[in-house]
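Hello,

Keep it open while you read.

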Amino acid sequence: IDVTKIEDACDCVEAFETISANFLDVYGNKTREELNELSDDKKENIKKKVDPLLEKRNEVNEHCRKFGITYKRFTNGQECSSYKDLAKNAEQLKKQGFK
């Protein structure tokens, strides 16, 4: 995701949808508690995948504030095509104990 190419609210929603889908790919169906019980090696592998996602999420968050959209508050993008998928992913992540 290249933030310099994010030009409107829908681009933000699409970027956050991609990021949230990647988080779900990394976490699978595991809850935060289940991940905490994994071996140190497995935790380290997950951390290696999650850290760049967190970094990108923060970068997109910073950029998208000007469109009134953040990772936690994206209702300004309800008319965007990726909105439903983002809302679904966000709900799934919340259920698994991630914010």
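Is cysteine 12 buried or exposed? Its relative accessible area is 0%, so cysteine 12 counts as buried. Please bear in mind that this is a predicted model.

**Helix α1**

Cysteine 12 belongs to helix α1, which runs over residues 9-27. The helix has 19 residues and spans 27 Å between its first and last C-alpha, close to the 27 Å expected at 1.5 Å a residue.

Cysteine 12 is one of several buried residues in α1; among the others are Ala9, Val13, Phe16, Ser20, Phe23 and Tyr27. In general, an α-helix has 3.6 residues a turn, so residues three or four places apart point the same way. Keep that in mind when you look at the buried positions, which also include Ala15, Glu17, Ile19 and Leu24. What do the buried residues of α1 pack against? They pack against α2 (32-36), α3 (40-64) and α4 (83-95).

After the helix comes glycine 28, which has a positive phi, near 60°.

**The disulfides**

How many disulfides does a search of the whole structure find? The search finds two.

One of them joins cysteine 12 to cysteine 64, with an S to S distance of 2.1 Å. Cysteine 12 is in helix α1 and cysteine 64 is in helix α3, so this pair ties together parts that lie 52 residues apart in sequence. The torsion about the S-S bond is about -100°, so the disulfide of cysteine 12 and cysteine 64 is left-handed. Cysteine 64 also has a relative accessible area of 0%, so it is buried.

The other is formed by cysteine 10 and cysteine 80, whose sulfur atoms are 2.1 Å apart. It links distant parts of the chain: cysteine 10 sits in helix α1 and cysteine 80 in the loop between α3 and α4, 70 residues apart. This link is left-handed, with -85° about the S-S bond.

If you number the bonded cysteines of the protein in sequence order, the pairing is 1-4, 2-3.

Regards

Notes: Residues numbered from 1 in each chain as written. Predicted model: local features only at pLDDT ≥ 70, side-chain atom pairs only at ≥ 80, totals over all residues. Heavy atoms only, no water. Helix = DSSP H or I, 4+ residues; strand = E, 2+ residues; numbered from the N terminus. Expected span 1.5 Å × (residues − 1). Buried < 20%, exposed > 50% of the residue type's maximum accessible area, 1.4 Å probe, protein only. Contact = heavy atoms within 4.5 Å. Disulfide = S-S within 2.5 Å.
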